[in-house]
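Dear colleague,

Please find below the structure that I am handing over to you.

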Amino acid sequence: MSLLRVECLSKKFGGVNAIDDLSFDIPPGAVYSIIGPNGAGKTTLLNLLTGVYVPSAGSIVFDGHDLTGRAPYEYASHGVARTFQNLQVFFNMSALENVMVGRYMHERCGLASTLMRMPRLSRTERACREEAAELLRYVGLRDYLSVGADAMPYGALKRLEIARALATRPKLMLLDEPAAGLNPTEALELDDLIGRLTGRGVTVVLVEHNMRLVMGVSDNILVLDYGRKLAEGPALSVRNDPKVIEAYLGSDIARDGSYGKDIADVVSVAVEMHR
Amino acid sequence: MKSKQAGSSIKRGLAAVAAVFTLMAGTAIAADPIKVGSFLSVTGPAAFLGDPEQKTLELYVEKINAAGGVLGRKLELVAYDSGGNAEKARTFVKRLIEQDKVDVIVGGSTTGETMAVVPLVEAAQVPFISLAGAVVIVEPVKKWVFKTPHTDRMACEKIFIDMQSRKFSKIALISGPGGFDKSMRGQCLGVAKKYGIEVIADETYGGGDTDMTAQLTKIKNTAGVQAVLNAGFGQGPAIVTKNYRQIGVSMPLYQSHGVASKEFIKLAGPAAEGVRLPAAALLVADSLPQSDAQRSVVVSYKNEYESRFKSEVSTFGGHAYDGLYIVVEAMKKAGGTDKAKVRDAIEATHGFMGTAGVFNMSPTDHMGLDLSAFRMLEVKGGNWTLVK
Amino acid sequence: MSAQFVQYLLTGLTVGAIYALVALGFSIIFNASHVINFAQGEFVMIGGMATVSLSAAGLPYLLAIPLAIVAAALVGLALEKFAVEPARGASVVTLIIITIGASIFLRGLAMVIWDKRFHALKPFTGDTPIPIGGATILPQSLWVLGVTLAIVLALTWFFGRTLLGKAMLATSHNRLAAQLVGINVRMVLFVSFGLSAALGAVAGILIAPITTTSYDVGVMLGLKGFAAAILGGLGSGVGAVVGGLVLGIAETMSAGYLSSAYKDAIAFVIILVVLFFLPSGLFGKRGGERV
Amino acid sequence: MQSRPILVGLASPRTGGMLALAGVIALLPLFLSNKYFYDIVVLVGLNAIVCVGLNLLIGYAGQISLGHAGFFGAGAYGSAILASRFGWPPIAAMLATTLAVALLAYLVGRPILRLKGHYLAMATLGMGIIVFMVITTEDAYTGGPDGIAVVPFSIGGYVLQGERVWYWVVGALLLLAVWLAQNLIDSPAGRALRALHSSEVGAEVVGINAAKHKVMVFVISAVFASVAGSLAAHYSGFITPGKATFLHSIELVTMVVFGGMASTFGAVVGAAVLTTLPQLLAVFEDYEMMVFGAVMMGTMIFLPRGVVPSIARLFQARSKQQIGDKESGA
């Protein structure tokens, strides 16, 4: 049984296939990583899997519901949460309020009782506040409870997004490059955090360039190249797949040098494996 | 935290405003001079009305004071600019009544602002002479409200009589977006039948429109139209007149008294030749025969105004002149500024010769002009001339 | 019937050309600053009124017109220098309110310097209507169309061929990148205000002989220009021109064939419908934000 | 964050601000020496009600509207026509009008709130102008540009008349409006609005239906404007299309931004300042317009966040500094 089933998914942007006839299954409880060179379509795929983009073809079935073509908030209501590579933090609020927004689906009430401020609302508000504070502590942001998001450091914002996503009580959490821009210590802490997420019963989809992180936590890895599936399988088999090494070595350097460090990572890992 | 600060700063702000208010209140103590209140569209789309009206009031209040005032008291003019906005006019009239405690109000350039303040002056029982055109101001009669300009209905009638004499029975109407335009359009449609005239095309244009050829082309292509009447004021009629000639319409064009000033001819240029409109004798002051009873009044007003402000006289300023002098005469008759007595005296105005004609008011007629006060004018050689 | 159509078309093109010039002004400033300059209409007014007063002072058009354009451009530069520049970093809405304040200020100033009356400007080359296919057109309308065309060509050259123009274009695409390659972004902002003020002034001068001018003509023309710029797609030069022409023609056609009372409403309905299907206007930038 | 003691709760920003506003409304009559001043304050109150609603849309949800004078005008004319021409009881006329305006806002809002930024500004502007044109053109019902007289407001035989009575009515309604707005802001829905202001995608992926919320707040703000319009019509006793023009829409937005976006009390202050300013500036006569424009520009240049937030920030900075001084001194 799979939590998320993707079949023949395609997305075209003006004639270019960003995602091309892609199919895969994600079982519940796993950490499923998506890797690939820059421009392989990883973020596009995440946008498709959360309803931000509407697919050109194919279907997305989550937890038994066909969500193809639905809006992001409908994905969320079925238990899909995500973080963003380009942060989508609510900078006009405090950290606590950011997480409280994440509780929205479980707390909202009718317009009339909102406007009249019924006592019930005050109670749920208090509970919401406490739960949000708890989540901030859980991701290690206890020092930032009442700090404005616009005054928080980058690393903290990344974890803030995770806390906000957790607040929706997701079944599936998609993390888009959570380690990018973090220092090695923070990246290590992330390792631990992802481990704890699966401990809570949340299935994790990880898009990441940091190969040590990916190789360390993943149960399964999907390798994308030009929007197509290059390889899929457990970390070990993907590591040894010559096509993967070829894709990384052969194309990425020529295409774009901006992720030099990641490439070096990949190369070193790949070369190590080949010996 | 933020909004708590906010709350206390509002309090401070409001207290400051209130303090200013009380200061202003303090200035209104002396009641020695006779206070004439006014609110006029000195700016905004009706500025061409309000501007000469304000100038006229200033000029003649000064003149009357220089000659010793009224009943031994000086006149004091308290004037506000309503910008043609009825809401603003309402507030300023409250200010005139409550704050400035004026004895009488002469003002209201447009019908909209006049009608908006009617309930206020009626409630406060202050004599009010409006300078706006529409017939609704004095029909039905309101106890404290009078007006000096001819009504739009009279303008329609004057024009239709002229059309009748030229054997026109099918005409087109084109009107602007303002209250004056709409009201006159309504009145003309209402009285047309009485003069055996049928309106077979009825077009409108918008405020700030730069071109009316589309509407005029439609009129031109309407079969049977013998003459065109344009109800409007401001720049609209000038553009209509120009476009009219541009697309080569040959039927006679009538304008309303809303453009009764030399400025219209200047704006429309040569295209204005042959345009007819009904207006007060003021526009043709110099060509009035010496025997004309109105001549001395209009010539002296024209000369006073033009030498002081170096700009052409208009009938609009004349309405303010008439209003001011009707009030002054009434105060003299009433022997004071008692509002009820002044009102009665205004209502009893009889045979007063103003720039618009002879005023004969009565309890059923709070304007007091008849059709004879209107003259039919035609533009000839770049000037207004009397149609014989 | 067809003569009627031609007449509506000619009228629509003339009016539309003026809207297009005003819309171009909106777009140029928008590209440089992402601000909708609500004082754009006042440049139109300044152009017309300054020409009126200069030619009344005895200057021939050949002198009065360039002087009026320069005057408007100076006002545009001053607006940038003293109102927009000091508020750098403020939100876009704040900047918009500043330009609304500026437009009220300029209108008030014009009222004091000049007066509240309408003024006529003599047509550049007479006012004998020229017959075209059963319809007529004023020589001044030809001036409007011709000058607009010339300006569009000149702007195409300016943005495509000159260094400054390319710098302005680059800034509109990516301000940060432009700054990084050494473009003086503040200079671009400054120039864009001067340029669109000059464009506005030209529009005001061209139209004044047809419609007369006064201290508050800027309000409606500014509004229509804004509508045209949005219809065409903000920031797009082609869009501004097409938007202006479409708006002008839509207005006259509705006045001619449908209802003159509702012609503006019809024009706005057309804009709303276009935006419903093309949320960034006819030629606006497509594509959403990247996440 | 633990549950707070009751006393602190009372002094919370919300309650504190409400108490302050109530205090101002209660005490202001001490300074109002005649009906004219009452009139100004009533107008301030009516504008403030519109601005409090508009601020929910602009300041919190981040959606611009340049068409709210249209809703104000629709409210005013709806009430006026139903009550004065068709003889409905004013309260019924007002309710029916409010419902109709809410429906209008809903039908218009659904398609146009998909637009963003300046495009939304244009669409709302166009909608407002269309409402205005209907009001001026359909003169058989609306009286055209010259406007129509409106019967006084009455409830069950009691007629609301006179500036003083209206002062208390409008004061109470303003408090109610502020209370409703504050309740909305401090609720899940309010947070959702602020969230989609900051990042629509971010809000959507936590389950917020952005389109629905935008339409909801658009309708709420339209209802505020419509009710204020209905009241204004009955209060004035006469209405003209002047209050439905796009210039008035811009004036309303200016009040909100001037007072401070995302600050309910800022909206009230903005309405107060910009409504009274023309009265104070009347002494400048011909220079009034220039001074008004200059005040607007100057304020926004030097207090770009609007009067209330900028001043609040100033005080915060100062009090922090004072605390710092004390600590370092001790």
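Which residue in β9(A) does Ser33(A) stand opposite? Ser33(A) stands opposite Ile221(A). Strands here are DSSP runs of E with at least two residues, helices are runs of H or I with at least four, and both are numbered from the N terminus.

Two remarks on the source come before the rest. This is a predicted model, in which local features need pLDDT of at least 70 and side-chain atom pairs count only at pLDDT 80 or more, while totals for chains, interfaces and linings use all residues. Residues are numbered from 1 along each chain as its sequence is written, and chains are lettered from A and ligands numbered from 1 in the order in which they are written.

The sheet of chain A

In chain A, six strands form an open sheet with mixed pairing, in the order β6-β7-β8-β3-β9-β10; two strands pair if DSSP finds at least two bridges between them. β6 (80–82) and β10 (228–233) of chain A stand at the edges with a single partner strand each, so one side of each is left without a neighbour in the sheet. From one strand to the next, the twist averages 20°.

Strand β3 (residues 31–35) of chain A runs parallel to strand β9 (residues 220–225) of chain A, and four bridges join them. β3(A) is also joined to β8(A) by four bridges, again in parallel, and there Ser33(A) stands opposite Leu206(A). Five bridges join β7(A) to β8(A), which run parallel; Asp176(A) stands opposite Val207(A) in this case.

β8(A) is mostly covered, as five of its five residues are buried. A residue is buried if 20 or more other C-beta atoms, placed from the backbone, lie within 10 Å of its own, exposed if 12 or fewer do, and partly exposed in between. Thr203(A), Val205(A) and Val207(A) lie on one side of β8(A), and Val204(A) and Leu206(A) on the other.

Two helices of chain C

Two packed helices are described by the angle between their axes and the distance between the axes. Helix α1 (residues 2–33) and helix α2 (residues 40–56) of chain C pack at an angle of about 130°, with their axes 9 Å apart. Axes are lines fitted to C-alpha atoms, for helices over the stretch in contact, and angles run from 0 to 180 degrees between N-to-C directions. α1(C) and α2(C) are therefore oblique to each other (under 35 degrees counts as roughly parallel, over 145 as roughly antiparallel, 65 to 115 as roughly perpendicular and the rest as oblique). Val22(C), Gly25(C) and Phe26(C) of α1(C) make the contact with Gln40(C), Phe43(C) and Val44(C) of α2(C), where contact requires C-beta atoms, placed from the backbone, within 7 Å.

Contacts between chains

Chains B and D share the most contacts of the five pairs of chains in contact. Chain A and chain B do not touch, and their nearest C-alpha atoms are 12 Å apart.

Most residues other than glycine have a negative phi, and most peptide bonds are trans. Asp21(A), in strand β2 (residues 16–26) of chain A, has a positive phi of about 50° although it is not a glycine. Asp21(A) is partly exposed, with 14 other C-beta atoms within 10 Å. In chain B, a cis peptide bond with omega of about 0° joins Glu139(B) and Pro140(B).

Yours sincerely

Key
Contact = placed C-beta atoms within 7 Å.
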